[in-house]
Amino acid sequence: MQESLSNPRPSSSPSGLAMRWSNFQRRYAPYIFISPFFILFLIFGLYPSLFSLYISFQSWTPSDGWGHWKFVGLGNYAFTLTDPMFWRSMWNTVWLGVFSGIPQHLIAIPLAFVIHMVLSRFKTFVTAVYFLPYITSSVAIALIFNTLFATHNGVINLIIAHLHTWPVLGWLLPDQNINWFISANIKYALALVVVWQFTGWNTLLYLSAIQAIPKDLYEAAAVDGASRIQQFRYITLPLLRPMMFFAVSLTIIGNMQLFEQPFVLLNGGASTATPGGQTAAMYMYRTAFEWLDMGTAASIAWILFAFIGILTYLNNLIFGRTARGGD
Amino acid sequence: MREQKRGALSSLLLRLGGYILLILGGLLTVAPFYFMFVFATQQRSEIFGFPPPLWFGEHFWSNYQILLQKIPFWRAYWNTFYLAFMITITTLFFCSLAGFGFAMYNFRWREQLFGVVLATLLIPAILNLIPFYLLIYQIGWINTPKALWVPAMAGAVGIFMMRQYIVAAIPKELVDAARIDGCSEFQIYWRIVLPLIRPALGTLGLITFIGAWNKFADVNVIMRTQETKTLPVVLRTLQGATDVEWGAIMAGTALLVAPLLLVFALAARQLMEGLTSGAVKN
């Protein structure tokens, strides 16, 4: 560095034009460097969103031709909000959000604690195994589970039939093959798939938060005679709150837009179980690409957007404050 | 003395219970992958026979033949790879460049602009599906791969990751010294910064490639012909027909999943650390 300071290279000695270019690129470099994101966002993010807001007040199907839409005011919104199929899909979404969301965290938190406490050498390996489903294509997962959920001789039904012969546990389980692909049952199948796919991701999040907790806290508690379970209850859990807030937020946003798993398990809407398992995102998709009603589909997207916004806000209000209150 | 013994015993039991729990959970996690590979080597009648096959059969080749016959399999494989490759390469360049811009310069509106980048992360992606389709339809990019990789060139996640890494890894003095040496701003990025952030580029590349490889919702909407579809989308179309060839579908699924399993086996630690680094620091 010293050398270069005392001995400037001749190329940097100013001629007028080069000097001006040098100043120009220095001054505007950061703006140029960050501009691709903003250009792409304006074209492919913001503009289409605003356009879809516009189209949500129009009646339009692609075969009408570009530009040949008809203003219908709040008609699309009124249609959506009075459509029983929409409310059914919203109910499915919320049901799935709860029953595929809560178990993920109830399993992941203790699991991460056990991994942290019990393992040392194999910690990365075991976490990686649990993490595998997260990096796997949702379509692949749904196709695999499609075979596993088969009514006759499907692996999952055979396991349930076997567990039925066990004491106690058997009483809780039905003694007949379950047809997972009927409206009443498909939600349970979907919830199971989603829990299987995302528990590992949450485990990884919680594990990384647990590893950040200082060891001397546990040591001090152990000296005071706290058991492992007490340590979990009074040290780990309270200190995990910020991560819980983060992980739960991700789960809410993810679960409210569940699409690929139900889309594939319901065969794109062709399944007889569709009414019971169709999520709001899937209903929006079908409105646009099956019934080609772009205006109504856009209105569904905006209603869903508002709904997710409210949920995120409530999560912030209830969970966020206490999560941050600890610091 | 007795107290201590009991403590040791209970801790041993807890440990044992922990191992059993972890092994059981691990088996449940791995089982569907195992069945995928097993079913890929079995005929349809065997997959749903009693008992279901627990070990590999000899029909992988015939399943593969069915696959080739019903869908343009290798074409779809190439499409998937091409899309993932283009998204990854462009993301690495534009996100590291923007991350460098946000990390190493003081400029007007910097915090606000970075706030905008982060705010776009909160927009639920699926809600953009219909507007995005309408735009692509409007500009006539339906059935062209660029419709899928151009918009994905500079994602917010990548910019955030790169900025965090550059702030921590690159001393400002180094950048200043390069400037005094006569480097232009872009040369500083290209010659000084890029070589120093290789580990972060590796992680971002992995994450981006995996995400792009698994893309479904938008590909499904934009790519309307069999020749332009990616593997996840084209595999799904096999499901629609009557007499679904589940053996062939599982063979295709296995070929879709296998490369990622391989990549993950080689770089699991790096990937998991990369994915959680943003979450932990905040």
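**Stop one: a helical stretch of chain A**

Select residues 239-259 of chain A: this span is 81% helix and 0% strand, with its end C-alpha atoms 33 Å apart. Keep in mind as you click around that you're looking at a predicted model.

Those residues are one of the spans that an unreviewed UniProt entry annotates as "transmembrane region" in chain A.

**Stop two: zoom out on chain A**

Now colour chain A by domain: domain 1 takes 2-55 and domain 2 takes 75-325. Their C-alpha centres are 43 Å apart.

Then highlight residues 90-315 of chain A, which the unreviewed UniProt entry lists as "domain: ABC transmembrane type-1". That span is 74% helix and 0% strand, and its end C-alpha atoms lie 19 Å apart.

**Stop three: where chain B meets chain A**

Bring up both chains. On the chain B side, 79 residues are in contact with 86 residues of chain A. Which element of chain B gives the most to the side that touches chain A? Select α1(B): it contributes 16 residues. In chain B, α1 runs over 2-39, and other elements giving two or more residues include α4 (73-104), α9 (172-180) and α14 (246-281).

To finish, colour that side of chain B by residue class: you'll find 57 nonpolar, 17 polar and five charged residues.

Terms used:
Residues are numbered from 1 along each chain as its sequence is written. Chains are lettered from A and ligands numbered from 1 in the order in which they are written. This is a predicted model: local features need pLDDT of at least 70, side-chain atom pairs count only at pLDDT 80 or more; totals for chains, interfaces and linings use all residues. Two residues are in contact if their C-beta atoms, placed from the backbone, lie within 7 Å. Helices (H or I, at least four residues) and strands (E, at least two) are DSSP runs, numbered from the N terminus. Ala, Val, Leu, Ile, Met, Phe, Trp, Tyr, Cys and Pro count as nonpolar, Asp, Glu, Lys and Arg as charged, and the others, Gly among them, as polar. Domain bounds come from an automatic or database domain assignment. UniProt positions are given in the numbering used here, feature names are shortened, and annotations may be inferred rather than shown by experiment.
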